[in-house]
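Reader: I am new to reading structures. Could you take me through one part of this one closely, step by step?

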Amino acid sequence: MSLFTSKEKEVLSLVSAGFTTKEIAARLNISHHTVETHRKNLLRKGDVKNSAQLVQMALSQQIIGA
């Protein structure tokens, strides 16, 4: 069972690629509020404090590729 949903992984991948919340929202055709909710859930589920730690954790656990 995966720690993150497929949509959260999609957002995480775009975060790791350096996209902003607004850019992610436009790419996924969702509101920026929804992206923010996904980001908050990712931080909580990953037990990290910021996006840099989130990406580092996801890379080290091979949740996303380099």
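Author: Start with helix 2 and helix 3. In this predicted model, their axes cross at roughly 110° and come within 8 Å. An angle of 65 to 115 degrees counts as roughly perpendicular, so helix 2 and helix 3 are roughly perpendicular to each other. The crossing of helix 2 past helix 3 is right-handed.

Which residues make this contact? Helix 2 supplies T21, I24 and A25. Helix 3 supplies H32, V35, E36 and R39. Sorted by class, the contact of helix 2 with helix 3 has 3 nonpolar residues, 2 polar ones and 2 charged ones.

Now turn to helix 1 and helix 3. Their axes come within 10 Å. They cross at roughly 95°. That angle also falls in the range of 65 to 115 degrees, and helix 1 and helix 3 are therefore roughly perpendicular to each other. From helix 1, the contact takes K7, E8, V11, L12 and V15. From helix 3, it takes V35, H38, R39, N41, L42 and K45. The classes here are 5 nonpolar, 2 polar and 4 charged residues. V35 and R39 are named in the contact of helix 3 with helix 2 and in the contact of helix 3 with helix 1.

Is H38 buried or exposed? Its relative accessible area is 15%. Buried means under 20%, so H38 is buried. What does H38 touch, leaving aside residues up to four places away in sequence? It touches K7, E8, V11 and I30. Of these, K7, E8 and V11 belong to the helix 1 side of the contact with helix 3.

Next, look at helix 1 on its own. It covers residues 6-16. Which of its residues are buried? They are E8, V11, L12, L14 and V15. Look down the axis of helix 1: these buried residues fall within an arc of 165°, so they line one face of the helix. They pack against helix 2 (21-28), helix 3 (32-46) and helix 4 (51-60). E8 and V11 are buried, and both are touched by H38.

Finally, see what comes after helix 1. G18 follows it. The phi of G18 is positive, near 95°.

Terms used:
Residues are numbered from 1 along each chain as its sequence is written. This is a predicted model: local features need pLDDT of at least 70, side-chain atom pairs count only at pLDDT 80 or more; totals for chains, interfaces and linings use all residues. Side-chain values use heavy atoms; hydrogens and water are left out. Buried means under 20% relative accessible area, exposed over 50%, partly exposed in between (1.4 Å probe, protein chains only). Helices (H or I, at least four residues) and strands (E, at least two) are DSSP runs, numbered from the N terminus. The arc is that of the directions from the helix axis to the C-beta atoms. Contact means heavy atoms within 4.5 Å. Axes are lines fitted to C-alpha atoms, for helices over the stretch in contact, and angles run from 0 to 180 degrees between N-to-C directions. Angles under 35 degrees count as roughly parallel, over 145 as roughly antiparallel, 65 to 115 as roughly perpendicular and the rest as oblique. A crossing is left-handed if the near helix is turned anticlockwise from the far one by less than a right angle, and right-handed if clockwise. Ala, Val, Leu, Ile, Met, Phe, Trp, Tyr, Cys and Pro count as nonpolar, Asp, Glu, Lys and Arg as charged, and the others, Gly among them, as polar.
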